[in-house]
Amino acid sequence: MQINEYKPLIVAFCCNWCSYAGADLAGNNRLNYPADVKIIRVPCSCRVNPMFVLRAFQRGADGVIICGCHPGDCHYTSGNYFTRRRMALLFSMLDYLGIERERTRVEWVSAAEGAKFAATMNDFTEKVAALGENKRLEDLRCKR
Amino acid sequence: MQKITREQLIDKAVSLLSDGTVECVLGWEKGQFDYDITPAVFNDENELRENFVWNDFCGANFSKYLVSKTRKCNGKMLVFLKPCDTYSFNQLLTEHRFDREKVYAVGIPCEGMADIDKIKAACGDGIISIDASGDKLNVHTLYSDEPISVSAESVFAERCMNCKSKKHVAYDELLGEDGDVIESHRFDEVAEIEAMTPDERFAFWQNELSRCIRCNACRDACPACTCEKCVFDNPNSGVENKAAANSFEEKMFHIIRAFHVAGRCTDCGECSRVCPQHIPLHLLNRKFIKDINSFYGDYQAGAEVGTRAPLVDYTTDDLEPGEVFERGGDNA
Amino acid sequence: MQRIGVFVCWCGSNIAGTVDVQAVSDALKNEPGVVFSTNYQYMCSQAGQDIIKQAIAEHKLTGIVVCSCSPRMHEATFRKTAAAAGLNPYMVEIANIREQCSWVHKDMPIGTEKAIILGKAAVAKVNLNTPLTPGETPVTKRALVIGGGIAGIQTALDIADAGFPVDIVEKKPTIGGKMAQLDKTFPTLDCAACILTPKMVDVAQNDKIRIFSYSEVTDVKGFVGNFDVTIKKHARYVKEDVCTGCGLCTEKCPQKKVPNEFNLGMDNRRAIYIPFAQAVPKVATIDPNYCTMLKTGKCGVCSKVCTAGAIDYKQKDEFIEEKYGAIVVATGYNPISMDKFDEFAYSQSKDVITSLEFERLTNAAGPTAGKLLRPSDGKHPHTIVFVQCVGSRCDSCAQKGKEYCSKICCMYTAKHAMLTRDKYPDTDVYVFYIDVRTPGKNFDEFYRRAVEEYDVHYVKGMVGKVTPEGDKLKVQASDLLTNKQMHIDADLVVLAAAIEPDKSARPLATMLTASMDTNDFFTEAHPKLRPVESPTAGVFLSGTCQGPKDIPETVSQAGAAASKVIGLLAKDKLTGNPCVAHSDEWMCNGCSSCERVCPYGAITYEDKEFRMPDRTTAIRRIAVVNPAVCQGCGACTVACPSGAMDLRGFASSQIMAEVDAICK
């Protein structure tokens with residue numbers, strides 16, 4: 001039976017070395033989080049171009065979260081420091097344009113933090129679900 | 001009225017041409033009206049005497065033109081730079097966009113440029129000619145025998161009202177006197193928008209950006225947008241579009257454009273000057289500048305050659321993206 | 001158009017328990033490019049891999065998607081499978097439907113729906129995959145060790161032992177480093193020279209090792225396996241190959257008033273000198289700042305007395321260019337300057353000394369021939385105060401000293417205190433400390449002996465002020481345990497100065513594009529798992545240039561660095577990671593943004609002539625990525641405004657295709 005309840009669509013960019021492994025650990029430990037979260041693997045959080053974030057919103061994502069190694073632990077030494085600056089500015093700009101700030105997030109999740117990964121995804125999905133559909137940024141033409 | 005005269009500039013250009021210092025001159029060329037002035041390359045004295053202009057409508061920032069024009073010039077090119085143009089000049093040098101050796105830069109003072117739309121609003125249409133005397137502009141129109149006089153300051157372009165610097169940060173030679181960096185109020189308007197509710201902000205920008213006709217004038221005039229090929233023109237970039245098909249694409253274009261120049265934008269204001277739809281695009285760039293200043297310490301792009309732009313730099317204790325909203329003030 | 005095969009794994013019931021694998025393989029059959037789709041119990045098993053191989057051959061597949069466990073688990077497996085079937089291994093993508101789907105979603109319809117979407121994203125990506133081939137670069141089988149202290153010596157010996165030639169570059173006239181200046185070593189109290197100098201001789205006699213002493217590295221180009229290094233050999237005005245090290249010149253030189261740096265300026269040497277008796281190479285060096293002949297052209301005594309004819313006043317700096325496959329940084333440390341710690345009266349009294357000076361004062365080859373005498377009046381001190389943590393563990397706000405713990409001071413201070421009490425039982429010895437840190441084999445036992453057996457007065461608390469008064473040093477301190485102020489009339493105060501990386505390290509790091517922390521210690525490629533490698537491939541770290549450490553730790557790290565170097569030099573060719581950045585030269589602006597975010601220095605610029613669309617030619621500056629150096633993080637791809645920079649294997653178009661597939 002189909003429950004006609006609003007399900008948000010969450011795109012999660014995870015760096016290969018920490019956060020993607022953290023997500024795997026959440027799986028190993030069978031820590032549930034909503035299936036609305038779909039993970040895209042990137043080598044480093046610094047690979048995430050603001051264009052990818054906007055593209056996800058354009059195609060109907062309701063929330064975008066970027067996960068990387070904790071500052072100082074980047075596999076590539078400095079990648080997440082650049083992520084931090086880029087996303088800080090991008091998120092601030094989206095807020096300036098009146099886009100709900102709960103729709104974007106950066107979270108540092110290490111390979112050992114399976115529980116944090118699941119908890120983060122639960123929390124983020126809940127917050128995004130509370131906002132409802134992403135009407136402000138999405139491209140209505142592409143929505144089915 | 002500008003303190004330096006057209007004749008002084010032409011004389012300078014002619015002397016540099018004749019002694020062989022420069023091969024050509026990048027200057028302002030008169031158009032059909034006194035206010036539609038375009039950048040042009042002048043090759044000799046005749047061309048200069050005939051078509052070169054210098055008045056309150058010479059807003060165009062020449063720095064960007066050096067990227068393509070110096071490639072076509074074998075010798076040196078003379079360029080006249082107003083104080084705000086020199087910041088773009090330095091920024092482009094930082095980014096290795098043109099060869100400093102191929103440019104002879106003459107810094108010229110600027111008393112502020114006029115905004116023709118403000119003049120039209122004050123004096124009506126049918127403007128035949130405009131001349132300046134003292135701090136007044138005399139506007140001759142079809143519909144009035146007597147010229148209408150307005151104070152130059154009242155019709156300043158926005159960027160000149162909020163002028164950030166009368167100081168030249170780069171030049172080979174300076175005509176007239178150099179000024180100082182100014183404590184401007186250029187971030188006040190950004191702060192006003194920040195203070196709105198999210199709904200108000202969204203409505204504000206929806207109203208502004210929905211007017212965009214994607215003429216790309218902002219991009220084409222911007223001295224930071226000097227890419228050989230813009231991502232929006234690149235079929236492989238995934239975001240290629242020639243015209244915005246919907247409100248998302250309008251926003252996407254302007255967000256990405258502002259992001260790409262973040263930390264590199266000198267706040268020269270060309271984007272807003274050239275926008276035919278009068279979208280206050282500088283408010284996007286200034287938001288980034290304001291954020292950069294408050295998050296990572298004051299940074300003026302182009303103040304010096306060779307500085308590291310904030311987005312290609314970091315410190316280990318930068319603030320977290322989640323903290324920007326707390327830092328941004330009580331604009332929830 | 002690709003011909004894609006989809007293989008959905010059940011993983012027994014791990015996936016099939018909550019994901020309808022048949023539905024997934026059926027759904028993906030209709031995706032663009034997919035020509036074959038199946039599911040099987042264990043795709044990673046031999047039988048499963050055979051299914052994949054067979055399908056590649058039968059359906060002429062150009063790409064495959066395996067919906068299975070995490071790529072961190074079996075991506076390598078399936079890449080090998082593909083390669084075995086003649087398909088480029090980089091045409092494989094994994095959809096993670098176990099860890100990120102079946103194991104976290106309990107409901108079958110929900111799990112199945114998500115698995116299909118993840119599969120679609122992988123198919124969308126594979127559609128844009130291109131075959132990638134890792135590049136190969138040859139390896140120059142020679143190592144360079146920068147720094148000739150115990151770290152550099154041990155690394156060089158170990159590398160040479162494996163049969164590879166090694167060059168040591170040392171800026172001082174002799175190798176040996178700080179350890180050569182030490183007296184005894186904790187916790188065994190064996191003499192530093194006795195265990196170091198045989199190693200120095202081993203270095204000198206090893207035909208695989210060349211020593212460039214009195215030299216420094218001035219330029220480094222190239223990358224892992226292929227470094228081009230320029231070494232500047234300073235003129236020492238003595239022919240190294242002729243000098244016999246007899247030392248006659250150093251006795252006859254009339255310029256006697258040169259502060260002897262080996263004894264930290266506590267006595268004098270001549271203008272021509274051999275730093276110490278066991279120096280390697282044992283060759284004299286003329287100090288051009290003091291030599292009368294070099295300064296005024298008059299004197300020439302050394303030349304006259306030298307029977308070997310080794311003196312050459314006209315000698316010039318020499319530049320040597322050499323190729324190396326690996327570089328080991330072993331630049332070591334120095335005690336910090338005491339300038340900012342004048343509360344301890346270091347500049348006011350000769351009897352306030354640093355611990356390294358104390359080492360020289362107790363060393364038999366030192367300025368006092370090993371007798372502990374006060375520098376001011378040569379009298380035997382009766383009350384000695386040791387102050388620990390001078391400049392270590394400082395508050396960051398204090399704007400002086402270092403925030404970190406220098407690690408070695410607790411132990412050497414215990415050693416100094418113990419040795420003093422052992423040799424001179426009539427002295428009173430106080431040690432002021434914040435904490436006594438003694439982790440290490442036999443370290444705490446050693447410290448307890450100092451307290452219990454040798455009656456050293458350990459006082460928890462800091463010295464507030466030292467005031468010279470007459471021939472005494474008034475020491476004002478607080479005892480935090482009894483909460484009392486203490487006043488001690490000391491004869492000698494010894495400051496355990498913090499240690500900091502050698503000043504030469506920072507410019508060297510720039511040359512090597514190796515990263516450093518805020519304290520100028522070199523950073524490791526990974527703090528836990530790759531502690532002796534720098535993030536820059538081919539650059540390794542040995543000793544205190546990476547962080548404070550004692551001799552045993554230094555030697556073990558030196559050995560570890562050597563083994564990494566040997567592992568690298570043992571290869572004839574280096575196979576790169578093909579998932580690296582590359583720049584489209586037509587779109588590149590040459591703006592340097594990418595270079596500035598590259599942690600590896602993989603990006604350089606060249607001026608290239610282009611035929612422009614308007615039929616003119618233009619010289620444009622463009623970025624070039626060295627695929628042997630790039631590690632594929634992708635930082636540059638976002639820094640690049642024009643999108644000229646892209647990452648193979650994770651191209652912007654591929655990631656966007658995944659985004660689109662997920663959001664559709």
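What radius of gyration would a compact globule of 332 residues have, and what does chain B have? A compact globule would be near 20 Å, and chain B has 21 Å, which agrees. The radius is taken over C-alpha atoms, and the globule rule is 2.2 Å times the number of residues to the power 0.38.

This is a predicted model, in which local features need pLDDT of at least 70, side-chain atom pairs count only at pLDDT 80 or more, and totals for chains, interfaces and linings use all residues. Residues are numbered from 1 along each chain as its sequence is written, while chains are lettered from A and ligands numbered from 1 in the order in which they are written. The model scores ipTM 0.95 and pTM 0.77. Chain C has a mean pLDDT of 95, and 100% of its residues reach 70 or more. Here pLDDT is the predictor's confidence in each residue, from 0 to 100.

Stay with chain B. Its C-alpha trace spans about 60 × 50 × 40 Å along the principal axes. Chain B holds 13 helices and eight strands. These are DSSP runs numbered from the N terminus: helices are H or I with at least four residues, strands are E with at least two. Of its 332 residues, 43% count as buried. A residue is buried if 20 or more other C-beta atoms, placed from the backbone, lie within 10 Å of its own, exposed if 12 or fewer, and partly exposed in between.

Now the interfaces. Two residues are in contact if their C-beta atoms, placed from the backbone, lie within 7 Å. Between chains A and C, 35 residues of chain A are in contact with 38 residues of chain C. On the chain A side, α1 (19-28), β2 (37-42), α2 (50-58) and α3 (79-96) each give two or more residues. α1(A) gives the most, with six. By class, this side has 19 nonpolar, eight polar and eight charged residues. Ala, Val, Leu, Ile, Met, Phe, Trp, Tyr, Cys and Pro count as nonpolar, Asp, Glu, Lys and Arg as charged, and the others, Gly among them, as polar.

Chain C also meets chain B: 20 residues of chain C are in contact with 18 residues of chain B. On the chain C side, α17 (593-597), β33 (617-625) and α19 (652-663) each supply at least two residues.

Look next at α2(A). Nine of its nine residues are buried, so α2(A) is largely enclosed by the rest of the structure. Its cover includes β1, β3, α3 and β4 of chain A, α10 (247-261) of chain B and α19 of chain C. Just after α2(A), Gly60(A) takes a positive phi of about 110 degrees. In α10 of chain B sits His260(B). His260(B) counts as buried because it has 25 C-beta neighbours inside 10 Å.

Chain C has some backbone details to find. A cis peptide bond joins Phe186(C) and Pro187(C), with omega about -5 degrees. The bond from Val280(C) to Pro281(C) is cis too, with omega near 0 degrees. Leu264(C) is not a glycine, yet has a positive phi of about 55 degrees. Cys389(C), in strand β21, also has a positive phi of about 55 degrees. Cys389(C) is buried, with 24 other C-beta atoms within 10 Å.
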